[in-house]
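Please look through the sequence and the 3D structure shown here before reading on. The report after them is written for a reader who is new to describing proteins.

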Amino acid sequence: MSIRKSIAWSIPLLLGFVSIFAVAMLLWKMNMLGANWHEIIEVSKQKRIMGSVLYSLVVSVVATALSISIGVMIVRQSLLNPSVTKAITRLNISFYYPHFIVALYVYLLFSFIYPYIGEYHKIYGTFEIVLTYLLKEIPFVVFYLMTTYRKMETAEMDVVRLSGGGTWRLFTTVEFPKIAPQLAELWIILVSFIWTAYEIPSLVGNSFPAFLGVVFYQGYYATDVSVQVTTMFWMLVTSFFLLLVACVLFLSVQKYRHFLREGSEQT
């Protein structure tokens, strides 16, 4: 086994070991604090944690779906129109701006707009969260997919076009099988990051329903032990859910990974 493959196998194993150790320590701490199912259920109802979990999940899925969809369209457009490639490479500038700074720009922008709109509605906070993540994650999606798209054979695309295939058929038969593993990775990365994020929702989000990251932060440092235990319980639920989704996605796209392996062997 080559050094590259050894490292590729050791990194997931190391991360898995660290994750299991972290879960074990969290369970140990919950046991030390006196975890009680009745208290967990009661605190969850009082703090409306389930509502925050679902609200944050919906927002993260919407933001991820929009970011990936728009990112794929931008990459495809750059291949069809090479003259815009140089402009697209400037999107890399966004990597120099932290999420909090972008959220601050969005917050300042809408602080000038709201006086002209009138009464503030809760949907505005959700819109600001989604907009902030779009500004940050679309360039990330473009950067993530650009190399794979550049490796695609134009002959395959020409065959589909000559046979009368449209844009959708071209995407499903030629592009999707090659980018499916990366799309799965993008879904896991973005959903897990946005779902449990703290800084952006704390700045531009609403106090109710509170975003999951804000609930976790406040609950973990609460003085009430029952609130701490309940927060740890929901941390574990969130972690196991993301782990399950990641395993399902990665196993479902394994058959498409040969294209990426062939490209890595050529480089």
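Predicted model: local features only at pLDDT ≥ 70, side-chain atom pairs only at ≥ 80, totals over all residues.

Residues are numbered from 1 along each chain as its sequence is written, and side-chain values use heavy atoms, with hydrogens and water left out.

**Overall fold**

The secondary structure of the protein chain comes to 12 helices and zero strands, where helices (H or I, at least four residues) and strands (E, at least two) are DSSP runs numbered from the N terminus. Read from the N terminus on, the elements follow the order α-α-α-α-α-α-α-α-α-α-α-α. Of the 267 residues in the protein chain, 39% are buried; here buried means under 20% relative accessible area, exposed means over 50%, and partly exposed lies in between, with a 1.4 Å probe and protein chains only.

**Single residues and their partners**

I179 has its place in helix 8, and because its relative accessibility is 0%, I179 counts as buried. M146 lies in helix 6, which covers residues 122–151, and M146 counts as buried because its relative accessibility is 10%. E199, by contrast, is found in helix 9 (residues 199–204) and counts as partly exposed because its relative accessibility is 26%. D158 belongs to helix 7 (residues 154–162), and with a relative accessible area of 37%, D158 is partly exposed.

For each of these residues, the table gives a partner, the separation in sequence and the distance from C-alpha to C-alpha.

| Pair | Apart in sequence | C-alpha to C-alpha |
|---|---|---|
| I179 and V253 | 74 residues | 9.6 Å |
| M146 and V72 | 74 residues | 9.0 Å |
| E199 and V214 | 15 residues | 8.2 Å |
| D158 and L170 | 12 residues | 9.3 Å |

**The salt bridge**

The structure holds one salt bridge, a term used for a side-chain nitrogen of Lys or Arg within 4 Å of a carboxyl oxygen of Asp or Glu. In this salt bridge the side chains of R76 and E175 meet, with 2.7 Å from N to O. The pair links distant parts of the chain, since R76 is in helix 3 and E175 is in helix 8 (residues 167–195), 99 residues apart. Both R76 and E175 are buried.

**A nonpolar patch on the surface**

A nonpolar patch on the surface is formed by I93, Y96, Y97, Y105, Y107, L108, L109, F112, I113 and I117, which together have about 1,100 Å² of accessible area. Patches are made of residues with over 30% relative accessible area and no salt bridge, with like charges joined within 9 Å and nonpolar side chains (Val, Leu, Ile, Met, Phe, Trp, Tyr) within 5 Å; the areas come from the Shrake-Rupley method with a 1.4 Å probe.

About 210 Å³ of space lies in the second largest pocket. On a 1 Å grid over the protein atoms alone, a pocket is an open set of points where a 1.4 Å probe fits, with protein on both sides within 12 Å along at least five of seven lines, and lining residues have an atom within 4 Å of a point. The pocket is lined by 14 residues, and K47, S52, A210, V215 and Q218 lie nearest its centre. Helix 3 (49–80), helix 10 (212–220) and helix 11 (225–252) each supply at least two residues of this lining. By class, the lining has six nonpolar, six polar and two charged residues, where Ala, Val, Leu, Ile, Met, Phe, Trp, Tyr, Cys and Pro count as nonpolar, Asp, Glu, Lys and Arg as charged, and the others, Gly among them, as polar.

How values were computed:
Points joined across faces, edges and corners; volume = space filled by probe spheres on them.
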